Amino acid sequence: MSFQRSKIIWKFLFLFPIATSIMFFAPPSVRFLIGLIPMDKCTLESVEMLTSGNSADSSLDLWSRNDVQTCTSWKAPIIWEGMFTPSHYDQIHRNKGSSVALTVFAVGRYLDAYLETFLNSSEQHFMSSLPVTYYVFTDSPELVPNIKLAPNRHLKVIEVERHTRWQDISMMRMKAISDVIESDIRHHATHVFCFDVDQVFTGRFGPEALGDSVALLHAHYYHLPRMLFTYDHNPKSKAFMKTGDFYYHAAIFGGSWRSVKALTEACYRSIMADKENEVEALWHDESHLNRYFWLHKPSRVLSPEYCWDTSIGYRSDIQVYRLLWAPKDYYNLRTS
């Protein structure tokens, strides 16, 4: 074993328990102090310097939030409350004819536990100004609840196999999403957003979130130093990373249908390559997603407002909750 590889492994063994302890077991006082760690600041002198490729972003106020980072080092915007005018994005995307496909997996006990609440809350808050089609992937199509949908909103059910291990369900969604984009979504929607089902919309989640390639800052990591990000540090895995830009949450990702198809295909290839080598990435599809966004920078980054965990406690920079983690009961949900 080379010295460099040994160094990486020992660093991981030392830092991983620290990061996971902070994420899951830190008392409220520690989490509050973590929230005081300053983020980097946007250094752009003009909004015209953004490279998002989104004409609507000319109205963004990157300096309205001096408490957070509002752009990345590669000049993509990071979207926070107070930076944008909602009606402006609604009008721009209506005029462009934007439409959105929302994919969500509700397999096994996750369907009964979360799906109805997820869909009902989405009807209230998700892209309410645009046409939306829900793509519900499930092993029990007959149990999908009958949700009252607004005009220009539709629901399609795709039957999928239920894998024995929840980790395989999580990772195999990449292929399922790629397949349905190819067979259906690309003919009907301009954008795709992919969600975990154990979440509840609580505030506007609108067209300001749309972009060519969209990633989400993980609520538990956005104030932590980069050395504590739990990337996969196993050199044998295709998800291997020494370092990165941010730590992204796989509970939400999106973009144009072409970009999401490219992302899901690449992650699926990496997952299958790991399987052939009898390797499993640390955080499964999330590890592969972080690797992909390290190599292919997202054109838009969403702040943790778009997927917040209230167990973190008070954070002054979180001015609105747009989507919340639902209560977790992993033992009962992930056991047969």
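In which loop does aspartate 196 lie, and between which strands?

Reply: This is a predicted model, in which local features need pLDDT of at least 70 and side-chain atom pairs count only at pLDDT 80 or more, while totals for chains, interfaces and linings use all residues. Residues are numbered from 1 along each chain as its sequence is written, and side-chain values use heavy atoms, with hydrogens and water left out.

Aspartate 196 lies in the loop between strand S5 (191-195) and strand S6 (199-201). Strands (E, at least two residues) are DSSP runs, numbered from the N terminus. Aspartate 198 is placed in the loop between S5 and S6 as well. The UniProt record, an unreviewed entry, puts the feature "binding site" at Asp196 and Asp198; UniProt positions are given in the numbering used here, feature names are shortened, and such annotations may be inferred rather than shown by experiment.

Aspartate 196 is partly exposed, because its relative accessible area is 27%, and aspartate 198 counts as buried, because its relative accessibility is 7%. Buried means under 20% relative accessible area, exposed over 50%, and partly exposed in between (1.4 Å probe, protein chains only).

Leaving aside neighbours within four places in sequence, aspartate 196 is in contact with Val104, Phe118, Arg173, Ala250 and Ala251, where contact means heavy atoms within 4.5 Å. With arginine 173, the side chain of aspartate 196 makes a polar contact of 3.3 Å. A polar contact is a pair of N or O atoms within 3.5 Å; within protein, one must be able to donate a hydrogen and the other to accept it, and residues adjacent in sequence count only if both atoms are side-chain atoms.

Terms used. Helix = DSSP H or I, 4+ residues; strand = E, 2+ residues; numbered from the N terminus.
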